[in-house]
Amino acid sequence: MGCRPTFSIILPAYNVEEYIATAIESVLTQSYKDFELIVIDDGSTDGTLAAVRQTCEGDCRCIVLHTHNRGVSAARNLGLDVCAGEYLYFLDGDDSLPPHALANIARSMMFEEPDVIVTTVAVSNGRFPEFDSYIEVPNFDPSSLAKYGPVSSGYPTYLFLFVIAHKLIDDVRFDESLSVQEDSVFLLRALEGAEKYSRCDEPTYIYRKVRKGSALNSLGIEGCLSIKEARKRVLLSTDDKAPGYNADVEFGSACFGVLRRVSRDRERYLNEARLESDVLARIEGDTHLKTRFVCAASRHPLLLRPIFIMLGAISK
């Protein structure tokens, strides 16, 4: 192995004692060996840290960091501060990599040095690590991606969908004020300078769709507000001429969810319903029903409030 590994795998972990050893072992047993694994325990209160140390013990490719609980964005930022690999790949503590994931990614880079590799992500809905579907992405068009970027082009903003050249990251970091969909904003900035894209068609990641206690499965109002803020930043920064563009739909849906949840609190509802003029202008052309309700609520918040109160009651 050279002094600089090909891959840095950044793995934040918080209260995933049941899963973390599997995630780590899936990296350490890769058929491709030129990597470093950076595990950041984010102040876990269960046995996660002990499991991390036990699984990584004696393997010089592992870097184990421990910090007080500050959230997944802060944990990933610690990993970014110390990583040395030519390419970065993010792994969640309850997911895993197939045995030949890194080898398949390396093979897709054989004839060029891409800035970004779009991966193939398998989805496990039950008997992990067995999988029964894949995360769907738009048709791969490297020239279009170079012009508009994946976020503008409607790609799902999962971190593990992309392997990113270290040189693109530089001082780009995760916004620690966002608790959900922080990856959308990070990818928007990190991929901004990408010029060369390649595609890995073999599965490179196994995503555990359902886990008790995961951020998306325990989403409260603050999480919904985080999604709204993230989608607003994406909306204002993406190109609506990109094929597959859907930032207006995504923001409309996020805003609709917030209004439904806060509708019984009059002042909070009014504050969230009134959109800035530049935001409203970006979504007015979207014909999806949720976005139309959001636009109407921005102009006539009190008139629409009873509808959102009713919708909030139905969704409970």
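Contact means heavy atoms within 4.5 Å. The structure is a predicted model, in which local features need pLDDT of at least 70, side-chain atom pairs count only at pLDDT 80 or more, and totals for chains, interfaces and linings use all residues. Residues are numbered from 1 along each chain as its sequence is written, and side-chain values use heavy atoms, with hydrogens and water left out.

**Exercise 1.** Determine which residues threonine 120 touches, and whether threonine 120 is buried or exposed.

*Solution.*
Step 1. Threonine 120 belongs to strand β5; helices (H or I, at least four residues) and strands (E, at least two) are DSSP runs, numbered from the N terminus.
Step 2. Threonine 120 counts as buried because its relative accessibility is 9%; buried means under 20% relative accessible area, exposed over 50%, and partly exposed in between (1.4 Å probe, protein chains only).
Step 3. Leaving aside neighbours within four places in sequence, threonine 120 is in contact with Tyr134, Arg199, Cys200, Asp201, Glu202, Pro203, Thr204 and Tyr205.
Step 4. A polar atom of the threonine 120 side chain lies 2.6 Å from the backbone oxygen of cysteine 200, and one lies 3.3 Å from the backbone oxygen of aspartate 201.

**Exercise 2.** Describe how the side chains of β5 are directed and how far the strand is covered.

*Solution.*
Step 1. In a regular strand the side chains alternate between the two faces of the sheet.
Step 2. In β5, Val116, Val118, Thr120, Ala122 and Ser124 point one way, while Ile117, Thr119, Val121 and Val123 point the other way.
Step 3. Strand β5 (residues 116-124) is mostly covered, with 9 of its 9 residues buried.

**Exercise 3.** Identify the strands that pair with β5 and the sense of each pairing.

*Solution.*
Step 1. Two strands pair if DSSP finds at least two bridges between them.
Step 2. With strand β8 (residues 197-208), β5 pairs in the parallel sense over 8 bridges; serine 124 has arginine 208 as its bridge partner there.
Step 3. With strand β7 (residues 162-165), the pairing is antiparallel over 3 bridges, and valine 116 stands opposite isoleucine 164.
Step 4. Strand β6 (residues 133-134) runs antiparallel to β5 and is joined to it by 2 bridges; valine 123 stands opposite serine 133.

**Exercise 4.** Characterise the packing of helices α9 and α10.

*Solution.*
Step 1. The axes of α9 (residues 247-262) and α10 (residues 266-273) come within 9 Å and cross at roughly 165°. Axes are lines fitted to C-alpha atoms, for helices over the stretch in contact, and angles run from 0 to 180 degrees between N-to-C directions.
Step 2. The contact is made by Cys255, Val258, Leu259 and Val262 of α9 and by Arg268, Tyr269, Glu272 and Ala273 of α10.

Methods: Polar contact = N/O pair within 3.5 Å; in protein donor to acceptor, adjacent residues only side chain to side chain.
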